[in-house]
Amino acid sequence: MIDVSDVYKSFGQNHVLKGVNLKVQDGKSMVIIGASGQGKSVILKCLLGLTKPNSGKILLNGVDPNSAQKNIILSKVGMLFQGGALFDSLPIWQNVAFRYLHGKQKINASEARKIAIEKLERVGLKKSFADNFPSELSGGMQKRVALARAIASQPEIIFFDEPTTGLDPIMAQVINDLIRELVVELGVTAVTITHDIQSVRSIADEVALLHDGIIQWSGLLNQLDKSKNKYLKQFIAGSTVGPIETLR
Amino acid sequence: MIGFTAQTGRIFLTFCSFIGELIIFCIRVFANILIPPFFMRAFFSSVVQIGWLSLPVVGITSFFTGGALALQIYAGGARFNAEEVVPSIVAIGMVRELGPVLGGLMVAARVASSIAAEIGTMKVTEQIDALTTLSTDPIKYLVVPRLVAAILTVPLLVGVGDSIGILGGYVIGVTRLEFNNTIYLINSINYLELWDILSGIIKGAVFGSIIALMGCFFGIRCEKGARGVGQATKSAVVSASVLILAANYFLTEAFFSS
């Protein structure tokens with residue numbers, strides 16, 4: 001379970017998170033939506049222990065990701081970064097099997113390669129791509145590799161940061177469907193941040209809208225279109241008129 | 001007046017914060033050198049990048065510097081009939097000062113910039129965050145292998161540079177200045193002491209650590225965008241070069257002041 005209680009985070013005078021509260025039950029897929037610059041990436045970095053909140057409490061399966069036990073919980077976490085964040089200097093299979101080639105989960109290289117190829121095939125990539133370098137793949141393929149890396153070590157929790165950014169609508173839907181399949185198949189707890197409503201409808205069990213540093217609305221996916229929340233209605237409609245200020 | 005004081009204070013505080021950040025970074029890096037896991041593949045790759053691939057630039061620079069040094073000492077020595085000191089002064093000058101300093105500066109230009117650009121790009125493309133989420137400490141994976149490789153290979157580069165520099169002096173001495181080749185060689189070797197060579201090698205190790213630390217430090221604190229990477233690269237080369245020259249003075253003072 002993911003439990004976020006009253007989390008505040010500021011960068012100088014810029015107060016990004018102003019008391020975020022969020023709970024994600026085991027095996028559920030939560031999608032956090034919100035306009036650009038509202039702190040979606042910051043909350044994700046706090047969840048991963050990459051940024052320390054000024055105050056508040058974050059627990060991933062009962063462990064604080066900013067504590068000394070950080071590595072214990074990170075070994076059970078998968079993360080899909082917005083740009084893929086694949087390591088340029090390593091071939092695809094070593095990117096996917098990174099955990100198995102280094103550190104505590106280290107196994108021999110041929111075993112690691114076998115797992116990497118298995119995961120690549122699971123996300124629809126052929127074995128022949130295993131020895132390519134990330135720069136030799138298209139954006140959509142890189143996203144698939146990043147997805148393969150995120151699921152490689154059988155995580156209990158997976159985070160997805162803008163999984164469809166920069167992809168064409170068809171490839172975006174392919175990635176959305178893959179994410180949904182994997183979340184159901186692996187039974188993991190998932191948190192996705194996005195501003196793509198199509199992704200929300202494909203991936204989410206539950207949705208939360210982050211605006212002005214707090215969660216303005218949260219609920220089940222089937223409540224999304226019925227909600228009277230004015231922030232949510234404006235966001236779904238993509239309207240320039242409403243409580244979410246727009247620069248024109 | 002208040003504005004000026006505030007501005008000066010702000011600059012001073014920023015500088016203090018920067019120094020503090022650098023000291024904490026260095027402590028973290030050196031504290032991690034002997035603690036497993038060790039990333040041997042990253043280490044050997046760094047040995048090739050820092051040591052092997054820097055050989056041509058260090059060799060060519062040293063050869064021409066040795067030649068120019070021979071010409072200068074010959075011209076200067078001729079003013080008081082001391083042309084015969086050319087071989088020994090070239091050898092001592094290369095081994096004690098020019099070999100380590102020029103080698104260090106050339107490696108700083110080539111390696112500190114490349115380390116800062118590579119790590120900086122990794123930072124802005126979230127690869128460093130990805131390392132952390134894969135339970136791998138970026139300091140251990142990115143910094144320690146480069147630091148150890150630089151500490152081990154830069155002294156070797158200095159040794160090779162010293163030899164090629166002396167060879168440059170020899171070639172010019174024999175072909176342009178009409179020295180007898182046997183006498184030139186004997187004079188080069190006879191006046192050279194073991195400590196001359198060792199001091200240069202120690203300087204090489206210190207300069208190697210400066211190069212790797214500056215490259216990694218500015219790469220890791222790189223700010224977003226192409227401008228951030230450019231700034232990190234520039235800062236790494238400038239600071240490594242300045243620190244090498246400053247460290248060279250203090251090491252020379254420590255080794256030879258008596």
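**Exercise 1. A strand of chain A**

How many of the six residues of strand β7 (residues 189–194) of chain A are buried?

*Solution.* The model is predicted: local features need pLDDT of at least 70, side-chain atom pairs count only at pLDDT 80 or more, and totals for chains, interfaces and linings use all residues. Residues are numbered from 1 along each chain as its sequence is written, while chains are lettered from A and ligands numbered from 1 in the order in which they are written.

Step 1. A residue is buried if 20 or more other C-beta atoms lie within 10 Å of its own, exposed if 12 or fewer, and partly exposed in between, with C-beta atoms placed from the backbone. Helices (H or I, at least four residues) and strands (E, at least two) are DSSP runs, numbered from the N terminus.

Step 2. Apply them. Six of the six residues of β7(A) are buried, and the strand is mostly covered.

**Exercise 2. The domains of chain A**

*Solution.* Step 1. Domain bounds come from an automatic or database domain assignment. For chain A this assignment gives domain 1 (1–76 + 157–172 + 179–248) and domain 2 (88–154). Their centres, taken over C-alpha atoms, are separated by 26 Å.

Step 1. Two residues are in contact if their C-beta atoms, placed from the backbone, lie within 7 Å. Eight residues of domain 1 of chain A are in contact with six residues of domain 2 of chain A. Helix α7 (residues 169–186) of chain A gives the most to the domain 1 side, with three residues.

Step 2. Ala, Val, Leu, Ile, Met, Phe, Trp, Tyr, Cys and Pro count as nonpolar, Asp, Glu, Lys and Arg as charged, and the others, Gly among them, as polar. The side of domain 1 of chain A that touches domain 2 of chain A has six nonpolar, two polar and no charged residues.

**Exercise 3. The architecture of chain B**

*Solution.* Step 1. Chain B has nine helices and zero strands. Its C-alpha trace spans about 65 × 55 × 35 Å along the principal axes, and 44% of its 258 residues are buried.

Step 1. Helix α1 (residues 2–32) of chain B reaches 45 Å from its first C-alpha to its last with 31 residues, close to the expected 45 Å. The expected span is 1.5 Å times one less than the number of residues. One of the 31 residues of α1(B) is buried, and the helix is hardly covered.

Step 2. Chain B is assigned domain 1 (1–30) and domain 2 (44–252), with 29 Å between their centres over C-alpha atoms. Five residues from domain 1 of chain B and six residues from domain 2 of chain B make the contact.

Step 3. Between the chains, the contact takes twelve residues from chain B and 15 residues from chain A. The chain B side divides into four nonpolar, six polar and two charged residues.

**Exercise 4. Backbone exceptions**

Which peptide bond of chain B is cis, with omega near 5°?

*Solution.* Step 1. The bond in question runs from Pro36(B) to Pro37(B). Pro37(B) lies in the loop between α1 and α2 (40–51) of chain B.

Step 1. Consider phi next. Most residues other than glycine have a negative phi, and most peptide bonds are trans. Asp6(A), not a glycine, has a positive phi of about 55°; Asp6(A) is found in strand β1 (residues 2–11) of chain A. Asp6(A) counts as partly exposed because it has 13 C-beta neighbours inside 10 Å.
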